[in-house]
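Here are some notes for a colleague who is opening this structure for the first time. Please read them with the sequence and the 3D view side by side.

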Amino acid sequence: MKKETLCQHLSEIIQFETVTYFDRSLEDQSIFEALIAYLKKTYPLVHEKTTLTRIGQRGLLYTLPGGSRSCVLMAHYDVVPAVREDWSDEPFSGRIGDGMVFGRGTLDTKSSFCCIFEALEEHLAQGKTFEHTLYLAFSGEEEIEGPAAEEIMQYLKDKGVRPEFVLDEGGAIFENGIPGVNKAAAMVGVAEKGVVNMKMTVKGRQGHASVPPKHTAAGKLAAACAALEKHPFGPRLTDANVMMFQAVGRQRGGLIGFLFRHVNLYRLPVALLASYLGGTFNAMVRTTAAVTMLQGSESYNILPKEAEAGINLRLLRGDTIESATARMARITARWGAEFTYVSGSNPSPVSRADGEPWTHLEKTVATVWPGTITVPYTMNGGTDSRVWHEICDRVYKFTPMVMTREETATAHGIDEKIRIEALEEMGRFFLTFLAGL
């Protein structure tokens, strides 16, 4: 896989402004169609040897027949919007320079989208045949939680396909990702927290602000929000947490290593320790409820008839939309808060991190990044692959690149870019991974 060709193709893919919006009237379907035409021209062997099935408006399913076993590789080719005035580079220029490829989608996830095509094209050029039937499942509406991924899954389910494993975007490789472990760690999501949006409403008496009641609707809403923050969900370990801590424990000595290796006997102390560490570790072991939006009166001098707060829930497995709503209602009952479901889903099942598929993933990581350990964990965010748990018990969420915390923050942010070195390693990962299928 030539570095120059890989960079050039990703640059060209970035230049297609495949932006999705929750207001679908803002989208330009012709740009998506132009990208699909570009793929056909750029990867002729993939399009000659596979069957492309268009599913729904934006679902692309490439099928390469192989043996009786099957697997799914996923990525999405839509991106979130970018405000040009905020960027130091044109967000869709695809500029190559300073050891980088610049542009919206370079990390999320046009890089893996591109590398999957590049790797398969190269294998087909060398005449490789596969023991697995390969399904390449690409969505053009992941960023707006569109139906494409589920439509593709349902299409294969109706045909009786039960893939051996699914590989989608997810965790990355962090060189110092685990405190006390002096090795790089490939964090592979084996489960996802449920992501749910709720509306909390508190009613009051509308009138002139010069004669306020003891508690306005906005005041009661503020008290209800404060109560939710004062009473967080308790920490606990799920099966996916146990898998993660056991993997970490095998890399550590001393009391902490012993504790992690035998985490099933010490679930509560380890959960409390993770909660104490804060940040990502705290979020891994509890359901979180973040107040993100507030709305009251539209004027300074008018008392609101009602006030609303938007709440984003990340549900740990064991909690559900119903149980979390009931708990929040109990905490805020004093202020008469009412909760309305807006969107989202319950936590995913936990995938198996064993057997040949997991071993193959571990070996590929170790080949491309020697000395790196592979660690299963629960993702706090959501991916298209959450729907595939319905027909597959090994759904892995992994973005194969070394990523710093700063780079992670640019995925939906300003000046998104990917290091050319990281892009090359990603290409090598997919070449190596496909070679073993």
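**Notes on the predicted model**

1. As background, the strands of a sheet pair through backbone hydrogen bonds, and they may do so in either the parallel or the antiparallel sense. Please keep in mind throughout that this is a predicted model.

2. Asp98, which lies in the loop between β4 and β5, has a positive phi of about 60 degrees although it is not a glycine. With a relative accessible area of 68%, Asp98 is exposed, because the cut-off for that class is over 50%. Asp415, placed in the loop between α13 (405-409) and β17, likewise has a positive phi of about 60 degrees without being a glycine.

3. Which peptide bond is cis, with omega near -15 degrees? The bond in question runs from Asp108 to Thr109, and Thr109 itself is found in the loop between β5 (100-102) and α4 (110-125). Thr109 has a relative accessibility of 1% and therefore counts as buried, since that class takes in values under 20%. Leaving aside residues up to four places away in sequence, Thr109 touches Ala75, His76 and Glu169.

4. Strand β3 (residues 69-76) contains Ser70, which is buried with a relative accessible area of 7%. The contacts of Ser70, again not counting residues up to four places away in sequence, are His132, Thr133, Tyr135, Val161, Arg162, Pro163, Glu164 and Phe165.

5. Is strand β8 (residues 185-192) largely enclosed or open? Eight of its eight residues are buried, so β8 is largely enclosed by the rest of the structure. Strand β7 (residues 165-174) is joined to β8 by two bridges, and these two strands run antiparallel, with Phe174 standing opposite Ala185 in β8. The pairing of β8 with strand β15 (residues 373-379), by contrast, is in the parallel sense and extends over seven bridges, and here Glu192 stands opposite Met379 in β15.

6. Rolling a probe the size of a water molecule over the atoms shows where empty space is left. In this model the count comes to three cavities of 30 Å³ or more, and the largest cavity has a volume of about 50 Å³. Ala191 and Glu192 are among the residues that line the largest cavity, and the lining also includes Thr238, Leu315, Arg317, Pro347 and Thr378. Sorted by class, the lining of the largest cavity has six nonpolar, three polar and three charged residues.

7. In soluble globular proteins, nonpolar side chains tend to be buried together. The largest nonpolar core here has 89 residues, and those with the most contacts inside it are Phe113, Leu120, Phe138, Leu167, Phe398 and Phe429. Helix α14 (residues 420-435) gives the most to this core, with nine residues. Apart from this core lies another one, of 23 residues, which includes Ile311, Ile321, Trp335 and Ala337.

8. Which residues does Phe113 touch, not counting residues up to four places away in sequence? They are Ile13, Leu35, Leu39, Ala75, Tyr77 and Phe138.

9. A last point concerns Arg327, which is placed in helix α11 (residues 321-331). Arg327 and Leu228 are 99 residues apart along the chain, and their C-alpha atoms are separated by 9.7 Å. The residues that Arg327 touches, not counting those up to four places away in sequence, are His231, Pro232 and Phe233.

Note on methods: Residues are numbered from 1 along each chain as its sequence is written. This is a predicted model: local features need pLDDT of at least 70, side-chain atom pairs count only at pLDDT 80 or more; totals for chains, interfaces and linings use all residues. Side-chain values use heavy atoms; hydrogens and water are left out. Buried means under 20% relative accessible area, exposed over 50%, partly exposed in between (1.4 Å probe, protein chains only). Helices (H or I, at least four residues) and strands (E, at least two) are DSSP runs, numbered from the N terminus. Two strands pair if DSSP finds at least two bridges between them. On a 1 Å grid over the protein atoms alone, a cavity is a set of points where a 1.4 Å probe fits but cannot get out, and a pocket is an open set with protein on both sides within 12 Å along at least five of seven lines; lining residues have an atom within 4 Å of a point. Grid points are joined across faces, edges and corners, and a volume is the space filled by probe spheres set on the points. Ala, Val, Leu, Ile, Met, Phe, Trp, Tyr, Cys and Pro count as nonpolar, Asp, Glu, Lys and Arg as charged, and the others, Gly among them, as polar. A nonpolar core is a set of buried Ala, Val, Leu, Ile, Met, Phe, Trp, Tyr and Cys residues joined through side-chain atoms within 4.5 Å. Contact means heavy atoms within 4.5 Å.
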